[in-house]
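Subject: Structure handover

Hello,

Here is the structure I promised to pass on. Please open it alongside this message; my notes follow below.

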Amino acid sequence: MKIKEIPAFAGSEMKRFIGFIKKEFYHIFRDRRSLFILFGMPIAQILLFGFAITNEINNVDIAILDHSKDNTTEEIINKIAASKYFSIKQLITREADIASVFQKGQVKAVLNFEKDFSKNLIKDHKATIQVITDATDPNTANTITNYINAILQQYQKELNKDITIAYQIIPQTRMVYNPELKSVYMFVPGVMTIILMLVSAMMTSISITREKELGTMEILLVSPLRPFQVIIGKVVPYIFLSIINAIVIVMLSIFIFNMPVQGSLILLGLESVLFIITSLALGILISTISATQQTAMMISLMGLMLPVILLSGFIFPISSMPMPLQIISNIIPAKWFIIILKAIMLKGVGMQFIWKETLILLGMTVFFIALSVKKYKIRLE
Amino acid sequence: MKNNKVIQVEGLTKMFGDFTAVDAITFDVKKGEIFGFLGANGAGKTTAIKMLIGISNPTSGKATVAGFDVLTNPNDIKRNIGYMSQRFALYDDLTVKENITFFGGIYGLSRKRIKEKSEALIEELGLENVASQLVGSLPLGWKQKLSFSVSLIHDPKIVFLDEPTGGVDPITRRQFWEMIYKAANQGTTVFVTTHYMDEAEYCDRVSIMVDGRIEALDTPKKLKEQFQAESMNDVFLKLARG
């Protein structure tokens, strides 16, 4: 008897739940504003950031310091000058001039050929060029280095065509002013984090408080639906939409901005789902402490967005923050997610390198959920 | 006789800190009765209702609704009651049909039953032409009537109406009370709060709450005799002014 009842009950529960989710989608798709935040914003943001921090360089002014002045260096210089990416602005003669051309901001890079370049190449099959870049704009500095390396490699290939022992031109890159290049490729993980946070936390907190504001929450609580069913029902559609968003962002990054994803896409997906749930839990927590949609929005923006932008390492490297802020940054879930994203996308590492960060996120999620359950109960009392 | 009582309340009390919102109220409501639950703003009506519908726990006292204890079986109560709050509570961005389907769904009605119900309900309210329109576009009076019908969609034993006619014109109020009578005639117990004293006259029995206590409880006729008043309005004023 009992056994028979359980599946029937579960079936009707499931139907109820599906009805609830359907209604939630009606809300979302009939509200232009929320649709815009959901889908317009992610695409706009990623394109904006993407094009603002573009990898393309054109006619970058460089200076040459040629200690050798032989055929080989001349050929290399000609090759660089012939490319559309660089224009040779100055030929300098002394090491001391390097600092001064950078300081005057006349060039973005200096190529420094060692003495007896050609001779070394023939004798030792090895010669060195120093590529010095101005890394106050780290992205450009990195791109310049890559382009010059590419040109050098091309030249090296031509040189080695009919030769048994290969000649090696060794570029020694040196970045001045910001040698660690902290913000390269940071924008994709950062924007992805912001968008997932925004969609998940802000949208859910607003949609839950909206029911409170309209009085429908009361009706739902008086219905046979349990409070947790109401909350889950409100949250599930946003999990779906956030996952779609994450996919769109990754696709845009890969296909429009050539962002590498070195690691496993599945791991990337799972970690994203974890972070989405963390954000949703935060959204639920916010909804329990705010009475109106406005409050929920303000708390989400001020309490979540600002810390994510300022303290997560998205824009400002955490390592250069004052100690108190570095400590505070640890309680921001976004910081850990950005570390995870960078690790998977740029370094291509697996779980064994990011389990600690994953565990922290998981712990935070459990904590937020427990806290909102507690708050929710107090409110019902 | 005892089975006839669908709501039984004994010494029900709710404290918020030092403040006693509901002070040991005792009453019962019979099956099929229209029970008016009156009181000035802040007298504790809404708090009392919240305890009866199982979304707020009493500090002390006992209450059973539809035969279930509010403390131990609030979920059984929820299956057997309907509720319409003083704030309009359908979804403006859903159509008439979608609202009916949604609320039928969360009360676990089968798809077939929902279809029957919604057709009957739309016909009864004369909403055929607007059934596929968003509820937000309907006039308030229609919304209130629809909201009441939706609260009855699962044929509850008791329906709680918390100031259902607030802000509605006299003609719609009249129609609304006709709907209430109809429901009561079909055996649904109606527990209603109101600010309109003429509406109190329509109730079978009326209780009047003052400062968290029930100061009077009887039929409108007997209350008027007891307080030597012309109308329920006078009864209310005499009580509320102490």
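I will start with a hairpin in chain B. Strand β1 (residues 5-16) of chain B pairs with strand β2 (residues 19-30) of chain B. The sense is antiparallel, and the pairing runs over eight bridges. K5(B) has K30(B) in β2(B) as its bridge partner. Two residues lie between β1(B) and β2(B) in this hairpin. G17(B) sits in the turn, with a positive phi of about 65°.

Keep in mind that this is a predicted model.

Chain B as a whole

The secondary structure of chain B comprises nine helices and 10 strands. Its C-alpha atoms fill a box of roughly 50 × 40 × 40 Å along the principal axes. The radius of gyration of chain B is 18 Å. That agrees with a compact globule, because one of 242 residues would have a value near 18 Å. Of those 242 residues, 44% count as buried. Now take the contacts in chain B between residues at least 6 apart in sequence: 68% of them join residues at least 24 apart.

Where B meets A

How many residues of chain B are in contact with chain A? There are 21, and they touch 22 residues of chain A. On the chain B side, the elements that give two or more residues are α2 (74-80) and α3 (96-106) of chain B. The largest share, four residues, comes from α3(B). By type, the chain B side divides into 10 nonpolar, six polar and five charged residues.

Confidence in chain A

The mean pLDDT of chain A is 81. In that chain, 86% of residues reach 70 or more. Helix α10 (residues 265-289) of chain A has the highest confidence, at a mean of 92. Strand β5 (residues 168-176) of chain A has the lowest, at 65.

Two stretches of chain A stay under 50 in pLDDT: residues 1-9 and residues 177-184. What does the model give them by way of contacts beyond four places in sequence? Residues 1-9 of chain A have zero. Residues 177-184 of chain A have 18. Where pLDDT is low, the predicted coordinates should not be read in detail.

Best wishes

Note on methods. Residues are numbered from 1 along each chain as its sequence is written. Chains are lettered from A and ligands numbered from 1 in the order in which they are written. This is a predicted model: local features need pLDDT of at least 70, side-chain atom pairs count only at pLDDT 80 or more; totals for chains, interfaces and linings use all residues. pLDDT is the predictor's confidence in each residue, from 0 to 100. Two residues are in contact if their C-beta atoms, placed from the backbone, lie within 7 Å. Ala, Val, Leu, Ile, Met, Phe, Trp, Tyr, Cys and Pro count as nonpolar, Asp, Glu, Lys and Arg as charged, and the others, Gly among them, as polar. Two strands pair if DSSP finds at least two bridges between them. The radius of gyration is taken over C-alpha atoms; the globule rule is 2.2 Å times the number of residues to the power 0.38. A residue is buried if 20 or more other C-beta atoms lie within 10 Å of its own, exposed if 12 or fewer, and partly exposed in between; C-beta atoms are placed from the backbone.
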